[in-house]
Amino acid sequence: MKLTRREFSAGLAAGLAAPALMRSAWAQGATIKIGMCVPVTGPAAEQGLWAQNGAKLALAAVNKAGGVLGKQVELVIEDDQTTNPGIVLAFSKLAAQSDIVAFLGSIRSTQVQAMAPDVIKVGKPVMIGGTNPDLTHSGNPWLFRFRPNDNYSGRVIADFGVNTLGKKKWAIVHSTDAFGTAGGKALTEALTKMGAPPVLDQGYANQSQDFTPVVLAVKQSGADVLGTYFTFENDLGIFARQLRQLGVNIPWVGSPSVVAVSSTKLAGPALFGTYGVADFAEDSSDAAKTFSKSYRDAYKTAPDNQSAWPYDAITILSAAINKAGSTDPNKIRDAILATQKFAGAEGEYNFDKNGDGLHGYNVVKNDKGKIIYDKHIDFND
Amino acid sequence: MSASDNMIPAPAVRSRPLIVRHLPYFIGAAVLVTLAAGMRFDGYILNILLQATTFSIAVFGLSVVLGLCGQINLAQAAFFGFGAYVVGLGTADLHLNFWLCLVGACAITLVAGAFLGMSTLRLGGHYLAMVTISFQQIVTLVMINAIGITHGPDGVANIRRPELFQNSQSYLAFCVAMLAIVGYLVWHLPDTKLGRAMRAVRDNELAAGVNGIDVFRTKIYAFGICALLGGLAGGLFAGGFAYVSPDQFSFAESIVFLTMSLLGGVASPIGSVIGTGLLILIPEWLRFLKSVPGLYLAIYGLFVILIIRFMPDGIWGFVADAFTRWRAHTKAPPAAAALQLKPATTGGDIVLEVTGLSKHFGGLKAVDGVDIAVKRGGVHALIGPNGSGKTTTLNVLSGLYKATSGRIVLDGTDITTMAPHQRTAAGLGRTFQNIRLFRSMTALENVEIGAERRGNTMVGKGDDALTERAMEALTFVGLGSRANELISSFSYGHQRLIEIARALASNPTLLLLDEPAAGLNSTEKLELHELLKRIAAQGLTILIIDHDMTLVSEAAQHITVLNFGRRIADGESMAVLRHPDVVSAYLGSE
Amino acid sequence: MDLVLQLLFTGIGIGAVYALVALGFVLIFRATNVVNFAQGEFSMVAAYLMVVFSVDLGWPYWLSFLLALAGMALFGVIFNLGVYYPLRNRTYLPVIIATIGASILLSNSVLAIYGPQPQVLQGWFDTPGIQLGPVYLDSQYLLIIAVTILLVLFNFWFFEKTLLGKKLQATSQDKEMASLLGISVSTMIMITFIYSAVLGGLAGILVAPVLFVSIQMGSTIALKAFAATIIGGFGDVAGAIVGGLALGVIETFGAAYISVPYKDGFAFLVLIAFLVFRPQGIFGERVAEKA
């Protein structure tokens with residue numbers, strides 16, 4: 001009994017340690033390594049693939065231009081399984097490789113929260129896409145955000161609906177997961193501040209098979225404009241179709257998923273005429289257009305925000321390391337924070353002291369299945 | 001509930017004092033704790049070890065409820081999450097002491113587990129599976145939606161650890177120490193009274209009930225312990241990772257826990273540790289397959305099927321099985337003194353008095369107003385043709401059926417409304433027509449369960465006294481030398497003798513034998529007759545139900561005859577057998 | 001009132017989906033006494049087969065449909081031989097775990113082969129639905145309800161009127177007796193798995209146009225369908241249908257009038273209430289006596 005357990009544990013430790021030792025032995029110094037935690041399996045595997053595409057595209061560009069500090073840059077990818085324990089393990093596995101200089105974290109806020117204690121321990125810069133405002137506001141100096149946070153998406157949706165569309169009776173529908181709850185809250189706050197508190201605030205659970213009760217609630221609330229935070233595209237597709245079937249045709253301004261490529265494909269005509277805030281829009285700037293072109297050339301499909309932020313993250317991170325002239329974490333940190341007026345695919349990066357790079361959103365419109373850029377709304381605070 | 005087939009019997013060896021035998025375990029555990037505290041791990045290995053350690057404790061819970069007691073629990077992740085949230089919210093939001101929160105986590109999960117058990121454990125099998133799934137889903141929904149309390153999907157961050165173990169490495173050492181302690185307790189649970197009761201319930205609920213075990217309560221204990229260990233593990237997990245969120249405690253995680261338990265071997269804590277370790281490590285090892293999404297989880301699923309197929313007792317069961325068989329055959333059982341039967345004599349001259357007993361199934365009057373008076377000492381027989389209601393009577397007497405009306409008094413105590421296990425405690429022992437032994441146990445362990453009857457004055461305190469009593473009973477029926485063999489290695493006739501020994505070990509006031517001669521050959525019948533004589537010689541009253549007229553007429557002094565649910569004759573043996581109604585009842589029916 | 005009618009229609013529609021999947025559960029449970037945790041994946045696999053035939057290969061819808069169902073029949077054979085048959089003499093626990101393993105294997109194999117993107121599958125009809133007074137009737141849901149009714153009739157006819165159906169019934173009730181009567185028990189179990197796989201597949205193909213084709217499409221439905229079987233009384237075909245419909249309606253109304261986020265909870269609350277107060281289900285026999 002004791003023997004077996006002891007042997008088992010010893011074997012376990014040895015089995016774990018051996019590959020790590022081997023890796024560090026033959027991988028010294030030839031390249032600059034950047035770690036990336038991304039869902040390869042699990043519900044967000046789809047988005048994970050696009051994130052990898054975006055990162056690899058930027059990587060190719062950086063390496064073509066001579067790499068970083070005279071070396072080629074290499075991406076080390078670990079699967080976070082779309083779960084919190086998964087990303088903790090994936091990140092700590094990457095962090096154990098001492099030659100990795102910086103990391104790309106998750107687009108999911110809860111995952112960033114789960115890995116945050118380890119990030120502080122490791123003390124190296126981590127680029128993130130999670131949009132929960134708290135992430136960069138809770139004293140963790142190593143998180144840098146390459147998407148505008150939810151305060152801005154809520155404010156932009158409210159601003160566009162109230163000022164541009166002129167609608168004041170809002171119905172809000174949001175997922176009850178972390179992303180949807182935070183977004184719904186931000187939108188409610190922004191609307192209340194603008195003197196137009198929502199008439200309906202309706203949550204739903206992810207992977208619902210039916211949205212009839214939600215649609216009927218929207219219909220009955222008498223709202224003249226709809227604001228949404230949907231997490232999964234198939235939920236959004238079902239909701240959109242049932243919304244139209246039950247005759248609700250009020251203007252709709254939603255979070256990025258409304259204008260995501262896969263939702264457009266799934267929901268078809270049901271999403272025609274909707275507006276979505278998008279941290280990424282193909283026509284919003286020259287930088288975005290350049291990114292789109294090379295993405296389309298490489299992958300034969302349209303890019304979206306899932307691939308745009310890792311693209312910007314790799315680009316800016318590489319530039320920052322070059323500027324810092326060293327892989328010292330503190331120097332990289334200073335260089336990232338010093339990045340101002342950088343034209344990225346997602347928009348113009350002006351890093352603030354919290355590590356937030358972007359402060360506004362694009363508004364785009366689904367015009368008969370084509371996503372077209374409408375306007376950009378930026379805030380200064 | 002069915003007997004599960006992937007259990008290994010725990011060997012019953014009690015030669016050396018407990019502390020000496022277990023010293024190596026504690027030395028081993030101490031070495032492990034020291035290693036955990038002293039070895040230098042990087043963050044990745046530390047996280048994996050911490051996860052494996054805390055998960056193992058939760059899986060221990062499953063080895064109790066599933067391995068020992070045979071009940072399914074598909075909500076272990078919910079209990080785990082319960083514990084994690086109590087510690088998380090307690091330390092992060094309420095700023096309470098970690099230890100206080102950990103104790104609170106254990107207490108709350110224990111209550112939740114026992115409560116859930118109370119509401120559903122009378123069912124079992126698939127129903128229990130479904131209730132636990134439902135509980136799991138509701139807990140997850142509450143975690144996500146009760147934002148005011150749980151922070152909803154954001155989860156709980158900044159969970160604190162105790163002052164003493166701020167450092168991750170020392171916290172890991174602490175968790176390993178907890179694992180060792182809990183592992184020790186779970187390892188020894190099967191050899192305690194409660195543990196034996198759980199195993200008996202798992203192997204055969206009916207037999208467990210009539211051998212003095214409160215089946216329902218035993219199940220609740222098992223479920224409560226399982227939930228408590230889940231809560232403890234969750235609390236430790238929360239302290240270790242400093243952040244918890246609802247998606248960590250979903251139904252999928254409960255499935256993972258269950259798979260861990262079955263993979264390693266459900267019957268033993270060692271199996272739990274092996275299974276947990278492997279299921280945390282396998283996906284890590286298979287990460288190299290990550291270039292194709294889904295491939296490694298697909299392989300994981302395939303492994304689950306293959307392991308269930310080819311290693312039914314799990315990995316540890318596979319190893320332990322060979323070892324146990326080898327040991328069971330070589331270990332010589334201890335010698336035993338002669339069995340003493342001293343039936344209680346609190347009542348009067350009549351040991352069992354049945355008055356106006358009826359049992360109706362809908363319109364069918366299986367037993368209708370029967371009176372039986374069994375005199376103290378000697379052998380009383382209850383006979384009747386097929387369908388006469390004698391087996392129904394026996395089942396009403398032992399409490400498997402509730403009487404429609406009438407009264408049953410055993411040695412001065414009214415037992416009419418008692419549950420089977422209470423009747424056993426009151427002094428009723430019985431055997432079954434179709435043998436009901438606990439098949440995963442040895443002969444000795446089966447008989448020990450009988451000896452454990454509450455109110456058994458013939459057995460002293462402690463495990464050794466129990467073993468001694470059981471050995472005496474086995475020796476009495478002539479099987480002492482094979483005490484440590486598994487039930488499956490005994491012939492049918494010998495199994496019947498073990499069943500009788502199990503009843504005798506409890507020193508009953510009245511012994512009910514249901515067709516003891518059924519299925520025996522003529523030599524075995526003779527042996528049985530001899531055995532009955534020796535039992536009666538010690539003053540124990542026997543009520544025997546049988547077809548076998550030879551056995552009945554030779555062994556019994558008094559006979560009661562039933563037909564069509566009514567008593568048609570009663571009195572001294574030879575007189576009753578010549579009674580015209582009896583003759584016609586038998587001739588007419590055959 | 002309009003609201004109530006609309007909710008009722010949706011509830012019955014979604015309930016019919018649960019009922020279809022529940023039917024597959026019940027058949028396998030009756031024949032083998034085992035709950036098949038991979039039943040939801042049966043539906044998922046069939047929907048993907050449909051996408052392969054009708055979208056990727058561009059074959060006619062009816063041909064794809066028949067091929068997908070044929071594929072499911074074959075799948076049922078493989079599932080029985082690979083997962084259930086080797087474990088047939090063991091208790092229900094190992095079999096449950098094996099089906100859980102199969103469910104992980106299936107969903108991730110499809111993920112590995114087909115990638116994670118949800119797919120679109122067209123419905124049978126070109127018109128998405130009809131407006132009947134104040135109520136909008138989705139054409140695909142109408143089809144699902146119609147198929148459910150037909151299946152109830154078919155099952156009644158099949159199990160009560162045909163020799164094969166009676167043999168299947170005999171097998172599910174008493175295997176020993178059935179084999180004494182010369183019925184090949186393993187053949188009957190094989191037929192049950194084939195039928196159940198085809199039924200599960202049919203459910204998957206029918207709901208795919210409404211819920212889209214995704215890896216997770218089966219598992220959420222399966223859990224509800226499982227609840228439906230218990231509410232209806234385990235092992236009862238009519239019970240599964242009624243249980244499924246009841247669950248769909250309760251859930252929809254609960255979401256509309258009590259809470260949307262807790263929608264999934266209603267199913268399980270109802271279930272626990274049933275288990276505590278009426279464990280035999282709506283139609284079932286007493287479990288306590290059986291234990």
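## Chain A: overall make-up

Chain A contains 12 helices and 14 strands, where helices (H or I, at least four residues) and strands (E, at least two) are DSSP runs numbered from the N terminus. This is a predicted model, in which local features need pLDDT of at least 70 and side-chain atom pairs count only at pLDDT 80 or more, while totals for chains, interfaces and linings use all residues. Residues are numbered from 1 along each chain as its sequence is written, and chains are lettered from A and ligands numbered from 1 in the order in which they are written.

Along the principal axes, the C-alpha atoms of chain A fill a box of roughly 65 × 55 × 40 Å. Of the 381 residues in chain A, 61% are buried. A residue is buried if 20 or more other C-beta atoms lie within 10 Å of its own, exposed if 12 or fewer, and partly exposed in between, with C-beta atoms placed from the backbone.

Of the contacts in chain A between residues at least 6 apart in sequence, 66% join residues at least 24 apart. Two residues are in contact if their C-beta atoms, placed from the backbone, lie within 7 Å.

## Domains of chain A

The domain assignment of chain A gives domain 1 (28–148 + 283–349) and domain 2 (151–278 + 364–378); such bounds come from an automatic or database domain assignment. The C-alpha centres of domain 1 and domain 2 of chain A are 28 Å apart.

Between the two domains of chain A, 11 residues of domain 1 are in contact with 13 residues of domain 2. The domain 1 side of chain A has three nonpolar, six polar and two charged residues. Here Ala, Val, Leu, Ile, Met, Phe, Trp, Tyr, Cys and Pro count as nonpolar, Asp, Glu, Lys and Arg as charged, and the others, Gly among them, as polar.

## Contact between chains A and C

Chain A and chain C each put 27 residues into their contact. On the side of chain A, at least two residues each come from helix H2 (45–64), strand S7 (200–204), helix H7 (212–221), helix H8 (233–245) and helix H9 (261–267). H8(A) gives the most, with five residues. By class, this side of chain A has 11 nonpolar, 12 polar and four charged residues.

## A four-stranded sheet in chain B

Chain B has an open sheet of four strands in the order S2-S1-S4-S5, with antiparallel pairing; two strands pair if DSSP finds at least two bridges between them. Strand S2 (364–375) and strand S5 (413–414) of chain B stand at the edges with a single partner strand each, so one side of each has no neighbour in the sheet.

Eight bridges join strand S1 (residues 350–361) of chain B to S2(B) in the antiparallel sense, and B:Glu353 has B:Ala373 in S2(B) as its bridge partner. Helix H15 (residues 390–398) of chain B packs on the sheet and touches S1, S2 and strand S4 (405–410) of chain B. The direction of H15 makes about 65 degrees with that of S2(B); axes are lines fitted to C-alpha atoms, for helices over the stretch in contact, and angles run from 0 to 180 degrees between N-to-C directions.

## Strand S7 of chain B

Five of the five residues of strand S7 (residues 510–514) of chain B are buried, so the strand is largely enclosed by the rest of the structure. B:Leu510, B:Leu512 and B:Asp514 lie on one side of S7(B), and B:Leu511 and B:Leu513 on the other.

S7(B) runs parallel to strand S6 (residues 428–430) of chain B, joined by three bridges; B:Leu511 in S7(B) is the bridge partner of B:Gly429. Five bridges join S7(B) to strand S8 (residues 541–545) of chain B, also in parallel, and B:Leu510 stands opposite B:Thr541 in S8(B).
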